[in-house]
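Look at the structure shown here and follow the text through it step by step.

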Protein chains: 2
Amino acid sequence: MDGAPRSGARRRLDALNALGARHADVWVASASAGGRAHLVPLSFGWTGELVILAVASDAVTARNISSAREARLAFGTSRDVVMVDAWLDDTVAIADAPGIAERYAAQADWDPREADGPYVFLLLRPHRIQVWREADEIAGRNVMRESEWLV
Amino acid sequence: MDGAPRSGARRRLDALNALGARHADVWVASASAGGRAHLVPLSFGWTGELVILAVASDAVTARNISSAREARLAFGTSRDVVMVDAWLDDTVAIADAPGIAERYAAQADWDPREADGPYVFLLLRPHRIQVWREADEIAGRNVMRESEWLV
């Protein structure tokens, strides 16, 4: 983690690599309508445009994101962060989205098609992405804002 | 991470070790009154009863937790999780809490007394603690509930 702060272009690349990482997890923060924060680590997939989460349809995360239509997602580690604010694009039942299911299973290390109980895919579209490691990278941490890549 | 699921006593010990870890970070999830989730990694201290966070007094995390009086805190990694739900016990200005400041600086890898701008300590009291690594540890993950140790 030594060295000069990364360029914007390098941070964008590192963000895309984090989104495409196989067998990784993302910290998913969501809030209830009443203003209670929830947080849980989940496996994920990435279509190139949308983050795919697979959650039990009655899970707190599913209820919160379905209601708020947004989530905040932290990829990487606390000292090598890719922070993504995303809008909910769509919610689909597992059985109704074979293409999404294939992409998810190719990247994540489990397959919700084999899970007990009803699962849904939450499809989340990033609108802000921030990338930083240590304090010297706080400046320039925005690589996407208002759904536009800045670098 | 191989082996049998840990005992409750072992998980309690691992939770206390995560809370006492030096130079570590915690993922802090908070929610605004309007139901927007926030998430950020922060350094922390642990008094043995209270998690100490140091935040700029105008930061989103400070505003959210001051309003909601609670936060959800993830220590460790996504596959070695110590998840803590905590109530806000107190908020104190850095200069008014020399004992807290000493404890924080002894554990964290920075010292908010040397920071620019007004910082506050948020003192958070755990009321639920869940400890798990993989799916085989979901059962038995609660080691504290309603502020009582279960193991």
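The largest pocket of this predicted model holds about 1200 Å³ of space. Its lining is made up of 37 residues, and those closest to the centre are A:V40, A:P41, A:L42, B:W132 and B:I138. Strand 2 of chain A gives the largest share of this lining, six residues. At least two residues each also come from strand 4 (51-56) and helix 2 (60-68) of chain A, and from strand 5 (70-77) and strand 7 (119-132) of chain B. By class, the lining of the largest pocket has 16 nonpolar, eight polar and 13 charged residues.

The second largest pocket has a volume of about 960 Å³. Among the 28 residues that line it, A:W132, A:I138, B:V40, B:P41 and B:L42 are the closest to the centre. Here the largest share, five residues, belongs to strand 2 of chain B. The lining of the second largest pocket divides into 15 nonpolar, five polar and eight charged residues.

Now take two single residues. A:D14 is part of helix 1 of chain A. A:D14 counts as buried because its relative accessibility is 16%, and the cut-off for buried is under 20%. The side chain of A:D14 makes a polar contact of 2.9 Å with that of A:R6. Beyond four places in sequence, A:D14 touches A:R6, A:V82 and A:R133.

A:R22 sits in the loop between helix 1 (8-19) and strand 1 (25-31) of chain A. With a relative accessible area of 56%, A:R22 is exposed. The side chains of A:R22 and A:H23 form a polar contact of 3.2 Å. Leaving aside residues up to four places away in sequence, A:R22 is in contact with A:A106 and A:Q107.

Key: Residues numbered from 1 in each chain as written. Chains lettered and ligands numbered in written order. Predicted model: local features only at pLDDT ≥ 70, side-chain atom pairs only at ≥ 80, totals over all residues. Heavy atoms only, no water. Helix = DSSP H or I, 4+ residues; strand = E, 2+ residues; numbered from the N terminus. Buried < 20%, exposed > 50% of the residue type's maximum accessible area, 1.4 Å probe, protein only. Contact = heavy atoms within 4.5 Å. Polar contact = N/O pair within 3.5 Å; in protein donor to acceptor, adjacent residues only side chain to side chain. 1 Å grid on protein atoms, 1.4 Å probe; cavity = no way out; pocket = protein on both sides within 12 Å on 5 of 7 lines; lining within 4 Å. Points joined across faces, edges and corners; volume = space filled by probe spheres on them. Nonpolar A, V, L, I, M, F, W, Y, C, P; charged D, E, K, R; others polar.
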